[in-house]
Amino acid sequence: MSNNSSLAVGIDLGTTFSAVAYLDDLGRPVTLQNGEGDKVTPSVLLFEGNDVIVGKEAVKAFATDYAAIAECAKRELGYRMFGKQLGGRQYPPEALEAWILNKLRMDAQAQIGQFDKVVVTVPAYFDEVRRKATQDAGYMAGFHVMDIINEPTAAAVAFGFAQGFLKDDGTAPDEQTILVYDLGGGTFDVTVMRLQGSNFVALATDGEVGLVGRAWDQRLVDFVAEEFIRKFGIDPRDDANAHGRLWREAEDAKRTLSARNKCTLACDFQGHAVRSEITREMFEDMTRDLLDRTAFTTRQTLQAAGLEWSNVDHVLMVGGSTRMPMVAQMLRELSGKEPNRSVSADEAVAHGAALHAGILLSKGAGKESQFRIKNVNSHSLGVVAVDVATKRKRNAIVIPRNTPLPITARRIFKTEKANQRSILVQIVEGESSSPDDCVQLGKCSVRDLPKELPAQTPIEVRFKYEENGRLTVTVLVQGTDKALHHELTRENSLTQDQLDSWRQYISGVPAPAPAG
Ligand code: AMP
């Protein structure tokens, strides 16, 4: 069956849950149900013999087969291998993400027919390495990844659509500034955006890995485990299946506490049982510091945008964890405004991605774009330089964070010796002055500099961040316009050959024929 080239979906590839949306005949975003009839799919995998099961069925094995379960693979993107062995094998985290995307693709195709185009969302704070890993996951899942889009931006687009910012007749409400507070299962992001007519402009963005729904679950898991230790001297966390069961119970209890004032959390292990009664107040007390950290980041992001709360029209809450009443309460106190819940916490990000996919399809068909997204980079881009005085390596920042994208920056490196034939530039992302505390993006090497260049010849390296935060590097002898051949070696990325064989293995979709 051939692909429908006028069809594309948007996917919110979440740490704990994922969702898929497409645009209906009227151009409105609609969430697609998965094969089990649900709007969201747990981002959980179960390795069973040669089969990889994704979603709700995999979650059921938490209590019986925890060792064969992979969860939160998104958190490990950027590492070479997922930390846990599955069926005696280690997998690159992007391959695990690809299995999730492959299930979503198959389930979506069963409803809307064959297609291969997709826009996948990423947390705004994702560095370049993890952005690439996400695109690679989409490729391995048999998709043609048209673009990646930041999750808070996608949520803002969905909000803008619902508010009528994207009306066909070109009329739009007055300019609005919104702060998107996105607390999901595995990511926390804050982005300040300005909606001006059909322009969606990000002013500042920040976030934190690890400060997420799972951290709230962890507190409950630890609370019960410690009670178990106190009573019986044994720790249910030592047993993988008991630990898995406890995680599930804790997550369930957390959801109950969003609706009720108290709940019971039970744990059975080695013939002993503990039943803990937990009130919402107790839960809020044991997680207060986590919430405070999100408040701190929120204030900082607003400051980085050069704004005060009086400049913000809406505080938009997205992500499943914003259902905890403590979140709305904190945002109300912080901003003096009633947080806006008009977009669905679970679906907004996928809807925004579907709208972006729709725009890219129209552009591809030569139609006028309905809206424009202007992003900022979430991390500073730097090169490793040697400090002349101390001889220590340092991160020399080339593009500071929160710079509007796309952006090209140049940096001049001088050859040291006459007839030098190669140079090596080490590229990092991060704010620290020490390169070791930054994310290693890769090494850009040029091995065939023209012969007989004198010492101190300026070599120009151009760094370009695309709108979506992906980087391209060009190297020139300054004053010439001929780009020199260079290689960007990335430590933890798969090669094209590896990507092609994973694609075949996971999705059964062959690599596309080379263009031209
Ligand atoms: P997301 O990544 O946006 O899908 O968010 C998933 C996270 O939201 C998970 O950590 C869930 O445990 C959490 N979540 C979903 N519903 C609720 C709820 N009613 N109360 C508290 N947390 C929730």
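1. A polar side-chain atom of Arg 255 sits 3.4 Å from a nitrogen atom of the ligand. The protein covers 91% of the 500 Å² of accessible area that the ligand has on its own. Bear in mind that this is a predicted model.

2. An N or O atom in the side chain of Glu 251 lies 2.4 Å from an oxygen atom of the ligand. At Gly 320 the backbone takes part: one of its polar atoms is 2.9 Å from an oxygen atom of the ligand.

3. Which residues come nearest to the ligand? There are 14 residues around the ligand, and Gly 185, Glu 251, Lys 254, Ser 258 and Gly 320 come nearest.

4. Next, strand S1, residues 8–13. Six of its six residues are buried, so the strand is largely enclosed by the rest of the structure. Ala 8, Gly 10 and Asp 12 point one way. Val 9, Ile 11 and Leu 13 point the other way. Both sets are buried, Asp 12 included.

5. What are the strand partners of S1? S1 runs parallel to strand S8 (residues 117–122), and four bridges join the two. Within S8, Val 118 is the bridge partner of Val 9.

6. S1 also pairs with strand S2 (residues 17–23), here in the antiparallel sense, over four bridges. Val 20 of S2 stands opposite Ile 11. Three residues separate S1 and S2, and the two strands form a hairpin.

7. Now the cysteines. How many disulfides does the structure hold? The count is zero. A disulfide is a covalent bond between the sulfur atoms of two cysteines. The cut-off applied to the sulfur pair is 2.5 Å.

8. Cys 438 is in no disulfide either. The nearest cysteine sulfur belongs to Cys 444 and is 18 Å away. Is Cys 438 buried or exposed? Its relative accessibility is 9%, so Cys 438 counts as buried. The threshold for that label is under 20%.

Key
Residues numbered from 1 in each chain as written. Predicted model: local features only at pLDDT ≥ 70, side-chain atom pairs only at ≥ 80, totals over all residues. Heavy atoms only, no water. Buried < 20%, exposed > 50% of the residue type's maximum accessible area, 1.4 Å probe, protein only. Pairing = 2+ DSSP bridges. Near = heavy atom within 4 Å. Polar contact = N/O pair within 3.5 Å; in protein donor to acceptor, adjacent residues only side chain to side chain. Areas by Shrake-Rupley, 256 points an atom, 1.4 Å probe, with all protein chains shown as cover.
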